[in-house]
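Please keep the sequence and the structure in view while going through the numbered points.

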Amino acid sequence: MISTREKVFNYAFLTLLAAAVLFPVIWTLGIAVSPEITGSLDLGHMQWSNFTEAWQQAGLTQYLKSSLIITGTAVAISTALAILSGYAFGVLGVVGEKLLFPLMLFGIMIPLEAIVVPMYYDFQSQGLTDTYQGIILAHVGTGVSFGAFWMRAAFRTVPSSIGESAQVDGAGTWSALWRIYLPISRPAIVTFVLLNFMWTWNDYFLSLILVSDPAHQPMTLGLGAFSGRYLVHVNLLAAAAVLISVPVVGLYVFCQRQFIRGMLSGAVKG
Amino acid sequence: MATLNESRASEAATVAAPATATAGGESVHPPRRANHPRRSSRRRRRWLGLAYLAPALLIYACVVLLPAGQGVNLSFYHWDGITAATWAGVENYTDFFTDPTLRQAVGHTLFFIVFFSFLPVVLGMTSAALTARKDTRGAGVYRWIIFLPQVLTPAVVAVVWKQIYAPDGPLNSVLTAFGLGGLTRGWLGDFTWALPALGLAGTWGAFGLCMVLFAAGAQNIPNELYDAARMDGAGPLREFFTVTLPGLRGQLAVALTLTLLGAIRVFDIVWLTTKGGPGTSTITPTVVLYKRAFSNPDVGAACAIGVVLAVVALIVSLAVVKLSESDD
């Protein structure tokens, strides 16, 4: 049994933690609507025009376009590849699986830093640096392992009797995938898409290295450039930061469970 | 991979993957195969499987495997990225002992391990133990808030902390308000304080993941164990060490792996706030790697750092997993 005193302590403690986590975020939100360019908080004179001003000064339209192209394409391709490779490993079996599966797992464990420098020079020699194709390819390639692993686990939970019944019906592997495995595994696919979206949208390191042309850079780099400018207006910088966070945080509001569960089990993408 | 395995067992709901599904390369085949007499059709399926896998495998080979191999190879050369490379032997690796900047960076990593890994794990474990077993109304809201830093864009997190630590930022205002005006400074521009300041930002970033992970694990510890401990007259402290901690071993392994890997790979927040400065007082191996690779390139040296990071990352993950499974 839990006493009232324990309960009060419990709430007080959790509230304290939550406040500690939220304070920096709330502070930035406050600065984002304050009129002072030095970044002092002034909620008495909220200035909502900071957001449009920041959007224009940081040139976010172009960065947003790039972010949308890069993230949209990379997530779509990654999801398709994850489904195909997960189906291969989890349901069909693969020739040479004993070698190929550990080889794929290696991609989850190796940190990006270990491959990114040679990757840059490879991409450069193929004319892929400073292009959408290049950064998309890099995102897809570095995410393939996790995708295969994730969807394999999801497909393996489908009872084999269901898969067999499809075989008896004479359904080919392709139609079994579409008619049986995909519908059943929809929750896992949704989680995968959300995580993948977040990782790609939030990426800074990979884009920093592979894309130096501002016309093809995503919003995270746009923010970096904006904050690195001499004599930056701090309130506008905060406003730009808020704007860039909106898509992922917005999704997080509605899909908290998928994000948390997915990240607790899959946060090792490197 | 065991990392994924462990936590998935604890968070059963999303895909309800069987824990065995990921136990190493040699997969436990479902009985369906054994009951299936037609060998040739099974073989055909496996070739078909390879066809399904082929596109992913091809991209993976080009983007990950090939550069990984090249990285190891390049790490034995001196190369400026343009002119012909010259053989370097293990020189790029001995840099870890002889190069003052790199040595300093490694030292900072050890420092960051405290802030990015140990503190979040300890704080997360304590908070989870204190709160998780009580039926808290509104627990979802708290969890949402405490987990929030995990989904924030690192570039945004950097902006946030830059403002907190600014010379006229809130941290200094608080200090002044408490009559400690003498302590105020531009925290990220201070040779002594920039590093712990970034460390605290790291603690802030990693704490929520640990706490939510442990809280989820604590839900799965059977109530009977606690009842039994109470019957034995165990106080809260003994209860923690005899019931909660052993029950959370899997989660502890996951939390340690994730946060340790985070600590040795710190880049975004450092690069976006201090660029390793002032001087080299907040430099990390990944920042050195980036600088060696792209400004005044010494590509081989950068690759050597990458290889060492990869090896350390592999050792850390394997060691933590082994430790967590050792006395099962």
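1. How are helix 11 of chain A and helix 12 of chain A oriented to each other, roughly parallel or roughly antiparallel? They are roughly antiparallel, where angles under 35 degrees count as roughly parallel, over 145 as roughly antiparallel, 65 to 115 as roughly perpendicular and the rest as oblique. Helix 11 (residues 219-228) of chain A and helix 12 (residues 234-254) of chain A pack at about 175°, with their axes 10 Å apart. Axes are lines fitted to C-alpha atoms, for helices over the stretch in contact, and angles run from 0 to 180 degrees between N-to-C directions.

2. The model is predicted: local features need pLDDT of at least 70, side-chain atom pairs count only at pLDDT 80 or more, and totals for chains, interfaces and linings use all residues. Residues are numbered from 1 along each chain as its sequence is written, while chains are lettered from A and ligands numbered from 1 in the order in which they are written.

3. Chain A has 13 helices and zero strands; helices (H or I, at least four residues) and strands (E, at least two) are DSSP runs, numbered from the N terminus. The C-alpha trace of chain A spans about 70 × 65 × 30 Å along its principal axes. Of its 270 residues, 51% count as buried. A residue is buried if 20 or more other C-beta atoms lie within 10 Å of its own, exposed if 12 or fewer, and partly exposed in between, with C-beta atoms placed from the backbone.

4. Which residues join helix 11 of chain A to helix 12 of chain A? From helix 11, A:Met219, A:Thr220, A:Leu223, A:Phe226 and A:Ser227 meet A:Leu237, A:Ala240, A:Ala241 and A:Ile244 of helix 12; two residues are in contact if their C-beta atoms, placed from the backbone, lie within 7 Å. By class, this contact has seven nonpolar, two polar and no charged residues. Ala, Val, Leu, Ile, Met, Phe, Trp, Tyr, Cys and Pro count as nonpolar, Asp, Glu, Lys and Arg as charged, and the others, Gly among them, as polar.

5. Not counting residues up to four places away in sequence, A:Tyr87 touches A:Leu92, A:Phe155, A:Leu177, A:Tyr181 and B:Tyr52.

6. The contact between the chains takes 91 residues from chain A and 91 residues from chain B. On the side of chain A, helix 1 gives the largest share, 13 residues. That side divides into 60 nonpolar, 24 polar and seven charged residues.

7. Helix 1 (residues 4-32) of chain A and helix 7 (residues 154-164) of chain B have axes that come within 9 Å and cross at roughly 85°. Helix 1 of chain A is therefore roughly perpendicular to helix 7 of chain B.

8. A:Leu41 lies in the loop between helix 1 and helix 2 (49-57) of chain A. A:Leu41 is partly exposed, because 16 other C-beta atoms lie within 10 Å. Its C-alpha atom is separated by 8.0 Å from that of A:Trp27, 14 residues apart along the chain.
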